[in-house]
Amino acid sequence: MYDSFIFDLDGTLWNATANVTKAWNVAVSKSRPNTPPLTEKDVTKIMGLTEKEIPKVLFPDLDEEEGLRIMRQCNLVEQDFLTEYGAVLYNDLEETIEALSRQVPLFIVSNCGHGYIEAFLDHYHLWNYFQDFEYFSRTQRPKGDNIRLVMERNQLKKPVYIGDTMGDYHAAKAAGIPFIHAAYGYGTIDDHTVPVIQGLSELLLWLK
């Protein structure tokens with residue numbers, strides 16, 4: 001049915017909320033020592049947003065330039081922290097990714113910052129299973145555009161995007177490709193005609 005799978009990362013392949021919160025609090029405490037610590041609830045609210053959008057939610061009193069500066073410091077600390085400690089992988093991820101990669105090429109497109117996808121791939125030694133990836137901080141382009149970039153670079157004809165939020169759904173629509181909702185992740189989808197998976201291993205059924 002599909003010639004490739006393109007994945008969102010947060011809420012689809014892993015849940016990094018706890019460790020991202022720890023990393024960001026280290027970075028924020030250095031730049032804004034009087035700021036109350038972020039909570040996991042705070043970080044969950046901004047999962048899927050870009051580095052330009054996140055400060056408007058977490059630090060609405062800052063101007064755009066200062067907010068972006070703090071976010072980039074957060075990304076630097078986060079990259080080192082996640083590379084060393086990883087996060088919470090969703091059930092059966094490694095086995096499923098290995099099995100899928102034997103049948104179709106796999107890709108990642110995320111709205112994350114520099115080094116985030118690389119930290120995921122580094123910590124879990126998953127580089128061999130993904131052929132390409134793209135993210136907002138590298139291109140400064142919307143997720144739908146980045147999906148198209150991956151499709152064009154890799155000459156994909158019938159890809160599907162797997163994600164957990166309405167933002168992911170709209171990105172797939174913008175790229176002109178089908179969408180599968182990872183219902184175990186952070187978000188819900190208003191379109192009830194969208195195919196749903198309750199676990200990553202269910203993707204293997206789409207290739208039979």
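Guide: Two residues are taken to be in contact when they have heavy atoms within 4.5 Å of each other. Helices (H or I, at least four residues) and strands (E, at least two) are runs assigned by DSSP and numbered from the N terminus. The model is predicted, and local features need pLDDT of at least 70, side-chain atom pairs count only at pLDDT 80 or more, while totals for chains, interfaces and linings use all residues. Residue numbers start from 1 along each chain as its sequence is written, and side-chain values use heavy atoms, with hydrogens and water left out.

With these terms, the contact of helix α8 with helix α9 can be described. Lys-143, Gly-144, Ile-147, Arg-148 and Met-151 of α8 meet Asp-168, Ala-171, Ala-172, Ala-174 and Ala-175 of α9. By class, this contact has six nonpolar, one polar and three charged residues. Here Ala, Val, Leu, Ile, Met, Phe, Trp, Tyr, Cys and Pro count as nonpolar, Asp, Glu, Lys and Arg as charged, and the others, Gly among them, as polar.

For the geometry, axes are lines fitted to C-alpha atoms, for helices over the stretch in contact, and angles between N-to-C directions run from 0 to 180 degrees. The axes of α8 (residues 143-154) and α9 (residues 166-175) come within 7 Å and cross at roughly 50°. Therefore α8 is oblique to α9; under 35 degrees is called roughly parallel, over 145 roughly antiparallel, 65 to 115 roughly perpendicular, and the rest oblique.

The crossing of α1 and α4 is right-handed. Among the residues in contact are Val-20, Ala-23, Trp-24 and Ala-27 of α1, and Ile-70, Cys-74, Val-77 and Phe-81 of α4. By class, the contact of α1 with α4 has 13 nonpolar, three polar and three charged residues.

The cores come next. A nonpolar core is a set of buried Ala, Val, Leu, Ile, Met, Phe, Trp, Tyr and Cys residues joined through side-chain atoms within 4.5 Å. Buried means under 20% relative accessible area, exposed over 50%, and partly exposed in between (1.4 Å probe, protein chains only). The largest core has 50 residues, of which Phe-7, Leu-13, Trp-24, Phe-120 and Phe-130 touch the most other members. Helix α6 (residues 116-124) supplies the largest share of this core, six residues. Leu-13 touches, among others, Phe-7, Leu-89, Ile-108, Phe-120 and Leu-200, leaving aside residues up to four places away in sequence. A second, separate core has 16 residues, including Ile-147, Ala-171, Phe-179 and Val-194. Ile-147 of α8 and Ala-171 of α9 also take part in the helix contact.

His-125, in the loop between α6 and β5 (132-135), has a positive phi of about 55° although it is not a glycine, and at 66% relative accessibility His-125 counts as exposed. Asp-92, in the loop between β3 (88-89) and α5 (93-101), has a positive phi near 65°, and Asp-92 is partly exposed at 43%.

Technical notes
Left-handed = near helix turned anticlockwise from the far one by under 90°.
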